[in-house]
Amino acid sequence: MTEIKPKLIMLVGPTASGKTRLAIQLAQTLDTEIISADSRYLYRQLNIGVSKPTPVELAQVRHHLINCTDLDQPWSIGEYKAEAENLITSLNGIGKIPILTGGTGQYIRAIRQNWHIPELEADDRMRMVLEAIGETIGFDKLYENLQVLDPEAAGFIDYHNHRRTVRALEVIFKTGIRFSQIRSKDTPSFDSLIIGLEWQRIELYQRIDARIEQMLTEGFVEEVRDLVEHGYREALQKMGVIGYNELIAFLDGEINLEEALILIKRNTRKYVRRQANWFKPSDPEIHWLNAQDPAILEKMLDLVRVKFETS
């Protein structure tokens, strides 16, 4: 007897590709709900700088896994996966096919490939030592050490994210096993349709630049200043979310605003190139659609019908 798995639509693509708008349109048409797969959306304090869906957008369709925790209480990928899987199963139970969407490739792949991620107990003493080393030699150098010890882990950890770099090294030194080998894959838990939004790189970069400039007009600098004043400087610096640390450097007088803007745009482009490693054009399971196609919503609905109404 064939196992009937819960159904899931994944909408993936690089940052600024239009996932939020299309996910809302698709969810409204299908009368379903959206589950975020963006690690930055988990944090209540991050808003303008991560292009979190607006209150108006959040009111159009029910969203999940947004504004779940605070910057000083970060979630592990294992915590995220458990919550997302419970939601997918629950929504299927009431006849809805949820839409999982976001640009955090690790989150998407953890659900897609059913990663098993053991929750290893933190070694606070080792973590403090590694953080002290990072402060002394620079976290870029610490990341370079990770590249030598575990190139695969370095490939999926953003070098800006000091917290995850330290965690990966902590696991390696504590267990003697590469961080990338700690997780294991299993048979997928869900019957998934994966839709990717495709852009020409130069057009995507233009969208990114325009969005970053819009963030500044919306009060991004004020958001960062407020977070620093409320004691979140260290958490932001460890997490390494693009835009926030660059603006902290501006507020500290280390660079001017124009230099900060250039760095944010440059680092965001690097991030897009890293995302391409998670969402490959050659991936046979991803149905890539031209994001600028006026008929893209109809084509997405056609894919849903073919996948689920005939299965």
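**Close-up 1. Aromatic pair of F220 and Y244 in the predicted model.** F220 and Y244 are both buried (under 20% relative accessible area, with exposed meaning over 50% and partly exposed in between; 1.4 Å probe, protein chains only). Their rings form an edge-to-face pair, 5.0 Å centre to centre and with 80 degrees between the planes. Rings of Phe, Tyr and Trp (its six-membered ring) pair if their centres lie within 6.5 Å; planes under 30 degrees apart are stacked, over 60 edge-to-face, and the rest tilted. F220 belongs to helix α11 (residues 220–229) and Y244 to helix α13 (residues 244–251), so the pair links distant parts of the chain, 24 residues apart. Helices (H or I, at least four residues) and strands (E, at least two) are DSSP runs numbered from the N terminus. Residues are numbered from 1 along each chain as its sequence is written. The model is predicted: local features need pLDDT of at least 70, side-chain atom pairs count only at pLDDT 80 or more, totals for chains, interfaces and linings use all residues, and side-chain values use heavy atoms, without hydrogens and water.

**Close-up 2. Aromatic pair of Y80 and Y107.** The search of the whole structure finds 2 aromatic pairs. Y80 and Y107 form a stacked one, at 3.9 Å centre to centre and 15 degrees between the planes. Because Y80 lies in helix α3 (residues 77–93) and Y107 in helix α4 (residues 105–112), the pair ties together parts that are 27 residues apart in sequence. Y80 is buried at a relative accessible area of 1%, and Y107 is buried at 7%.

**Close-up 3. The largest nonpolar core.** This core has 94 residues; such a core is a set of buried Ala, Val, Leu, Ile, Met, Phe, Trp, Tyr and Cys residues joined through side-chain atoms within 4.5 Å. The residues with the most contacts inside the core are I35, L46, L71, Y80, L100, L146 and Y244. Helix α15 (residues 296–309) gives the most to the core, with 7 residues. Neighbours within four places in sequence aside, the contacts of I35 include Y80, L87, I88 and L100 (heavy atoms within 4.5 Å).

**Close-up 4. The second largest pocket.** Its volume is about 700 Å³, the space filled by probe spheres set on grid points that are joined across faces, edges and corners. On a 1 Å grid over the protein atoms alone, a pocket is an open set of points where a 1.4 Å probe fits, with protein on both sides within 12 Å along at least five of seven lines; lining residues have an atom within 4 Å of a point. The lining has 36 residues, and T20, Y41, S51, K52 and R211 lie nearest the centre. Helix α10 gives the most to the lining, with 5 residues.

**Close-up 5. Positive phi at A16 and D31.** A16, not a glycine, has a phi of about 70 degrees. The residue lies in the loop between β1 (7–12) and α1 and is buried at 7% relative accessibility. D31 has a phi near 55 degrees and sits in the loop between α1 and β2. With a relative accessible area of 56%, D31 is exposed.

**Close-up 6. Surroundings of T187.** T187 lies in the loop between α9 (179–182) and β5 (191–198) and is exposed, at 51% relative accessible area. Beyond its neighbours within four places in sequence, T187 is in contact with K5 and N114.
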